[in-house]
Amino acid sequence: MTAAAKSGAKMTATPITRVLGVSALAATAVMAVLGLVVSPPDVVQGEAVRMLYLHVPSIWIAYGGFALTSISSILFLWRSGRRADQGRHYDRLAGAAAEVGVVFTAITLITGMLWGKVTWGTYWQWDARLTTTVLLFVTYLGYLALRRLPAEPTVRSRRAAVMALISFINVPIVHFSVDWWRTLHQKASLSVGRRPEITGEMYWTLLYSALAVTVLATWLIIHRYRVIRLEELRDEEGLEALIASRLNKDVGSH
Amino acid sequence: MLGATDDEGTPMSEVATVIAGWGITFVVLATYSIWVVLRGKSIGQELGIGGIEQSDLGKDTSATADS
């Protein structure tokens with residue numbers, strides 16, 4: 001048995017995450033039926049409005065993922081010195097949430113470009129919303145790259161935590177860009193304290209889609225967190241094996 | 001949003017766009033999900049903690065298996 005197994009290391013699934021995974025699969029299947037079949041076409045946009053059920057929940061999940069990354073990063077910076085694991089738990093959570101956030105930002109950009117081609121007649125326009133969103137995507141890709149740079153783990157985690165906090169500044173800018181500047185992009189479909197732009201089946205399908213992708217994102221973050229932990233264990237074992245082989249070599253040469 | 005003004009704004013292209021958007025989204029999410037699960041399996045096997053399926057049922061609390 002390896003040190004990792006002895007330490008009580010877990011692989012990526014437990015009965016709870018299995019149930020969550022099956023729920024995510026079922027929820028996304030229902031989401032497809034609601035979004036593609038049940039929900040009616042829009043009076044102005046026609047069938048293209050069905051992109052709404054992917055595009056809007058995806059950016060909500062991305063915002064949520066990046067918010068979780070920021071909260072975990074603050075906790076890492078604040079509490080890492082006081083925890084037995086030196087804050088590794090918070091660091092893993094930050095990394096997992098950021099990666100899932102990046103995946104959903106990519107989906108937002110892809111679906112937005114396709115939707116834009118039909119409604120605006122162009123895939124891309126350098127307006128405030130689109131530009132700040134692509135900047136958000138690139139910034140968090142940089143954050144993920146920073147996490148992979150070779151360095152002492154605590155130093156690397158601290159650098160990543162600081163970058164996560166800087167990167168998060170762009171999230172409210174992306175969200176409010178449609179209010180702050182004149183853009184081609186429409187204003188938010190749903191906002192707290194404002195009457196929804198959509199109603200009826202479209203409204204409920206959008207809310208359901210948000211719920212379905214939230215379940216999926218939760219499952220992904222939990223699994224990715226556990227994979228990061230396994231990666232750390234593998235690296236530690238590799239390092240221990242390297243030190244042991246070097247020590248054996250030194251003993252043999254004397 | 002504004003309505004499309006070119007020929008590609010016909011209902012057929014709307015349907016094609018919707019199919020492309022939903023198709024790409026599901027492919028991206030499925031690929032990422034499978035990658036995460038397989039990476040966990042692969043590293044778990046490297047570490048020698050794979051295949052302890054019974055532990056999930058409470059027979060061994062030291063490790064759990066993946067799916």
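1. Which elements does chain A run through from the N terminus on? The order is α-α-α-α-α-α-α-α, with eight helices and zero strands in the chain, where helices (H or I, at least four residues) and strands (E, at least two) are DSSP runs numbered from the N terminus.

2. This is a predicted model, in which local features need pLDDT of at least 70 and side-chain atom pairs count only at pLDDT 80 or more, while totals for chains, interfaces and linings use all residues. Residues are numbered from 1 along each chain as its sequence is written, and chains are lettered from A in the order in which they are written.

3. The C-alpha trace of chain A spans about 85 × 40 × 30 Å along its principal axes, and 41% of its 254 residues count as buried (20 or more other C-beta atoms, placed from the backbone, within 10 Å of the residue's own).

4. Helix α5 of chain A, residues 128-148, reaches 31 Å from its first C-alpha to its last, close to the 30 Å expected for its 21 residues (1.5 Å times one less than the number of residues). Its buried residues, among them Leu136(A), Tyr140(A) and Arg147(A), pack against α3, α4, α6 and α7 of chain A.

5. Over residues 1-9 of chain B the pLDDT is below 50, and over residues 51-67 of chain B it stays under 50. Where pLDDT is low, the predicted coordinates should not be read in detail.

6. For the model, the scores are ipTM 0.87 and pTM 0.84.

Notes
A residue is buried if 20 or more other C-beta atoms lie within 10 Å of its own, exposed if 12 or fewer, and partly exposed in between; C-beta atoms are placed from the backbone. pLDDT is the predictor's confidence in each residue, from 0 to 100. Two residues are in contact if their C-beta atoms, placed from the backbone, lie within 7 Å.
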